[in-house]
Amino acid sequence: VGNGSLGAAVGSKTPTVENTDAQTMWEAYYAYNYADGITITPVVYVKENAAVNTDDETGIILKTTFEF
């Protein structure tokens, strides 16, 4: 996609037993070159928690890589 790389991943912590909630986590990212030697990668993730009274976790990460 343009100048960068688009990616996604989905996985689970353990095998899921039938008729139970899965502990699934997914993420999506887009890495692009901001300038010479600088790469910026925004990431969005969601982690589903199966425990009672435990909310799912959602987050955003901004990773910056410098190369000389």
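Mentor: Let us begin with burial. A residue is called buried when its relative accessible area is under 20%, exposed when that area is over 50%, and partly exposed in between. Please keep in mind that this is a predicted model.

Trainee: Is T41 buried or exposed, and why?

Mentor: T41 has a relative accessible area of 11%. The cut-off for buried is under 20%, and T41 is therefore buried. T41 belongs to strand β3, which covers residues 38–47.

Trainee: Which residues are in contact with T41, if its neighbours within four places in sequence are left aside?

Mentor: A contact here is a pair of heavy atoms within 4.5 Å. By that criterion, T41 is in contact with Y29, Y30 and A31, and also with I61, L62 and K63.

Trainee: What can be said of I40 in the matter of burial?

Mentor: I40, likewise found in strand β3, is buried because its relative accessible area is 14%. Leaving out residues up to four places away in sequence, I40 touches Y30, A31, Y32 and Y34, together with L62, K63 and T64.

Trainee: How far apart in space are F68 and T58?

Mentor: F68 and T58 are 10 residues apart in sequence, and the C-alpha to C-alpha distance is 33 Å. F68 lies in the segment after β4. F68 counts as exposed because its relative accessibility is 99%.

Trainee: Where is G59, and is this residue buried or exposed?

Mentor: G59 is placed in strand β4. Its relative accessibility is 11%, so G59 counts as buried. Beyond four places in sequence, G59 touches V43, V44 and Y45. The C-alpha atoms of G59 and V46 are separated by 6.6 Å, and these residues are 13 apart along the chain.

Trainee: What does T24 show on both points, burial and contacts?

Mentor: T24 is buried because its relative accessible area is 19%, the cut-off being under 20%. Apart from its neighbours within four places in sequence, T24 is in contact with V10, G11 and S12, and with V46, K47 and E48.

Trainee: Let us turn to the surface. Which residues form the nonpolar patch?

Mentor: For a patch, one looks for residues with over 30% relative accessible area. The nonpolar patch consists of V10, W26, V44 and I60, which together have about 430 Å² of accessible area. V44 lies in strand β3. V44 counts as partly exposed because its relative accessibility is 37%.

Trainee: Which residues form the negative surface patch?

Mentor: The negative patch is formed by E48, D55, D56 and E57. With a relative accessible area of 37%, E57 is partly exposed.

Definitions and conventions:
Residues numbered from 1 in each chain as written. Predicted model: local features only at pLDDT ≥ 70, side-chain atom pairs only at ≥ 80, totals over all residues. Heavy atoms only, no water. Patch = residues over 30% accessible without salt bridge, like charges linked within 9 Å, V, L, I, M, F, W, Y side chains within 5 Å. Areas by Shrake-Rupley, 256 points an atom, 1.4 Å probe, with all protein chains shown as cover. Salt bridge = Lys/Arg side-chain N within 4 Å of Asp/Glu carboxyl O. Lys, Arg positive; Asp, Glu negative; His and termini not counted. Charge placed at Lys NZ, Arg CZ, Asp CG, Glu CD. Buried < 20%, exposed > 50% of the residue type's maximum accessible area, 1.4 Å probe, protein only. Helix = DSSP H or I, 4+ residues; strand = E, 2+ residues; numbered from the N terminus.
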